[in-house]
Amino acid sequence: MTGSMLALAIGSVLSRRLSLALTVLTMALSVALFLSVERLRIAARDSFDGTISGVDVLVGARGGELGLLLYTVFQIGDAAPSLRWSSFEDLADDDRVAWSVPISLGDSHRGYRVVATTSAYFDHVKTGRERPLRFAESTGERVDDVGVVLGAQVARDLDYGLDTLVEIQHGLASAGDRSHRDSLLPVSGILEPTGTPIDYSLFVSVRAFEALHNGWRGSVPSTTALDVRTVDLTDPAFTPSLITAVYVGMKSKRRIFQLVEDVEDYGPEPLTAVLPGVTLSQLWVLVGSAEQALQLLAILIVVVALAGQITLLLATLDLRRREIAIYRALGAQPGLIGGLLVLEALVIGLIAAAVGLLLAIVGTALAGSVLGSVLKLDLGATLLTPSQALALLAFIGVSAASGVPAGLLAYRTSLQDGMRARF
């Protein structure tokens, strides 16, 4: 009986496919919008939270904590002030510090940021849930020498391989900048994809980075540029004077706040110590209102679409009086007629949910590819999270319930009323 009713409901929907097509499309678009907002929100949070792992403290020059984190880790925003190399050495010598990695930013290559650091970066910095960085290809040369390590996306977009010579551009200028044209650095390694800004970065030695700017005065290039490949990078002359930030790993997590206080009170120069996890939580507080507004808007659109379904079912009920009368004449009980209307609403909801899910998957894939390149994050979401699956089931349930008013009216329709001539 249930199978025949379902077949009858599907046939009834298909017989009115033109009138129902716009309603289904409206409902599907509302579902797609809701799922897309939710999928992108979850993917963005997961990508941000998984960008850097294993770093207990981020130290930079005195300034805003969020700005320092966004610029240094996510490569978003304006340049952060520099701190002295001597401050890095003091941090590295602290008996509470297990490891420390210097970071210098400011140059680029064809629009991709150059990160100057040491080989310790690849030993200690992790992504996601403590996932270490791995090399897809490598010549075995350390970044402490003159080699360049490419993020996966850089290598893919520029079609670079091992030993490709890379010309660094000064600042974030376009590829037309030729300030470092005398020092072409060979690619010595390519990292595996991480889904983080690391994929969009090039890594060079912090000493090679200093040698590239040897003799510069501010942003004015030196008249006697060096070929970095021909100099001894162990020369004290190539010890950096300034860097952008320091990644710090602690021996004991219990002493993190003690180190933070000492960094804030550091005498030689004003510094800022950032706890990445805490600062990210502050970011989510800032954007939380915008997220809630988008979610509310998406929910309201879904409600309007469901209200349109109720209106359509009620509006077409009067046109279906003879159809209902024929069912009654064939022996169908009033409850069966009402159940048929509810079942039709369920079929409409199932079709709308399926189409909406498909549109959401395609839409978020396209949006993720665009936003991912801007934010330098992997915004590819899973097919369907548990919360999204529950929301989709709730939508289907409410869609089926929207057929109840029309079902109740059909239940009350009498055979004589259906067969009576109407003028």
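Is Arg96 buried or exposed? I looked that up before anything else, keeping in mind that this is a predicted model. Arg96 turns out to be buried, at a relative accessible area of 8%.

Asp94 makes a salt bridge with Arg96, with 2.8 Å between the closest N and O atoms. Asp94 counts as buried too, at 18% relative accessibility. Arg96 also has a salt bridge to Asp262, where the closest N and O atoms are 2.7 Å apart. Asp262 is in helix H8 while Arg96 is in the loop between H4 and S3, so this pair ties together parts 166 residues apart in sequence. I noted Asp262 as partly exposed, at 38%.

My count for the structure is 4 salt bridges. One of them links the side chains of Lys253 and Asp56 at 2.5 Å, N to O. Lys253 lies in the loop between S14 and helix H8 (256-264), and Asp56 in the loop between helix H2 (17-49) and S1, so the pair ties together parts that are 197 residues apart in sequence.

Next I traced an open sheet of 4 strands, which has antiparallel pairing and the order S3-S14-S1-S15. Strands S3 (97-103) and S15 (271-274) are at the edges with a single partner strand each, so one side of each has no neighbour in the sheet. From one strand to the next, the twist averages 20°. I followed S3 against S14 (residues 245-250) and found antiparallel pairing over 6 bridges. Pro102 has Val246 in S14 as its bridge partner.

Two helices lie across S1, S3, S14 and S15. I have H3 (residues 65-73) running at about 105° to S1 (57-61), and H4 (residues 85-93) at about 160° to S3.

**Entry: helix H12**

Last stop was H12 (residues 386-401), with 16 residues. Its first and last C-alpha are 22 Å apart, close to the expected 22 Å. Which residues of H12 are buried? I get Gln388, Leu392, Phe395, Ile396, Ser399 and Ala400. They span an arc of only 135° around the axis, which puts them on the same side of H12. On the face turned away from that buried side I found the exposed residues Pro386, Leu390 and Leu393.

Conventions: Residues numbered from 1 in each chain as written. Predicted model: local features only at pLDDT ≥ 70, side-chain atom pairs only at ≥ 80, totals over all residues. Heavy atoms only, no water. Pairing = 2+ DSSP bridges. Axes fitted to C-alpha atoms, helices over the stretch in contact; angles between N-to-C directions. Contact = heavy atoms within 4.5 Å. Expected span 1.5 Å × (residues − 1). Buried < 20%, exposed > 50% of the residue type's maximum accessible area, 1.4 Å probe, protein only. Arc of directions from axis to C-beta.
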